[in-house]
Amino acid sequence: MTHPMPHPGRAGRTIACPTCDALTPLSSGEDAKAACCAACGGKLFTGRPMALTAARFDAHTGQSDVPLVIDFWADWCGPCKTMAPVFEALAAEFEPHIRFAKVDTDAERELATYFRISSIPTLSFIHDHREVARVAGAMFAGDLRRWLYDALSQTEDKETAAPEPEPETP
């Protein structure tokens, strides 16, 4: 099912590659779903969540124009495993409007600490290096879809507001 998505307010966009993290500029009107990385040649959008690490964090939150939703999870977490297929399905549905990423809180303790993750799964919606929305607990597809649309609408509101100071990166 296709849903209407908001269009970015900028003339063009800069997209971080999910494979090599290199930045690729796209012109206005260019098909982001079909675009490839200028550095490695890989697809900029794969329709699947990417693994996010502290080392990759800045390229995808502060330098890329694409909002990012992060699923903080762990392999031992039953609700995380239950929600994983829903999160993956919505990645295919919402890209290229939102990048989906997963952070293994056991492997990436620095990011889990930076975001003050106290329960999993926790989803964080990041735009322009700021957390716009957060929700904890496993979600069904309809609830997650509504949460994503609400977070997207908040990014549109913030594009016209005065910029906030950027937090220190982990």
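Colleague: Does Arg56 count as buried or exposed?

Modeller: Buried means under 20% relative accessible area, exposed over 50%, and partly exposed in between (1.4 Å probe, protein chains only). Arg56, at 13% relative accessibility, counts as buried. Please note that this is a predicted model, in which local features need pLDDT of at least 70 and side-chain atom pairs count only at pLDDT 80 or more, while totals for chains, interfaces and linings use all residues. Residues are numbered from 1 along each chain as its sequence is written, and side-chain values use heavy atoms, with hydrogens and water left out.

Colleague: With which residue does Arg56 form a salt bridge?

Modeller: A salt bridge is a side-chain nitrogen of Lys or Arg within 4 Å of a carboxyl oxygen of Asp or Glu. Arg56 pairs with Asp21, and their closest N and O atoms are 2.8 Å apart. These two residues link distant parts of the chain, 35 residues apart.

Colleague: Which residue forms a salt bridge with Glu93?

Modeller: The partner of Glu93 is Arg145, again with the closest N and O atoms 2.8 Å apart. Helices are DSSP runs (H or I, at least four residues), numbered from the N terminus, and strands are runs of E of at least two. Glu93 lies in helix H2 and Arg145 in helix H4 (residues 141-160), so the pair ties together parts that are 52 residues apart in sequence. Glu93 is partly exposed at 22% relative accessibility, and Arg145 is partly exposed at 21%.

Colleague: Which residues of H2 are buried?

Modeller: Cys80, Met83, Phe87, Leu90, Ala91 and Phe94 are buried in H2.
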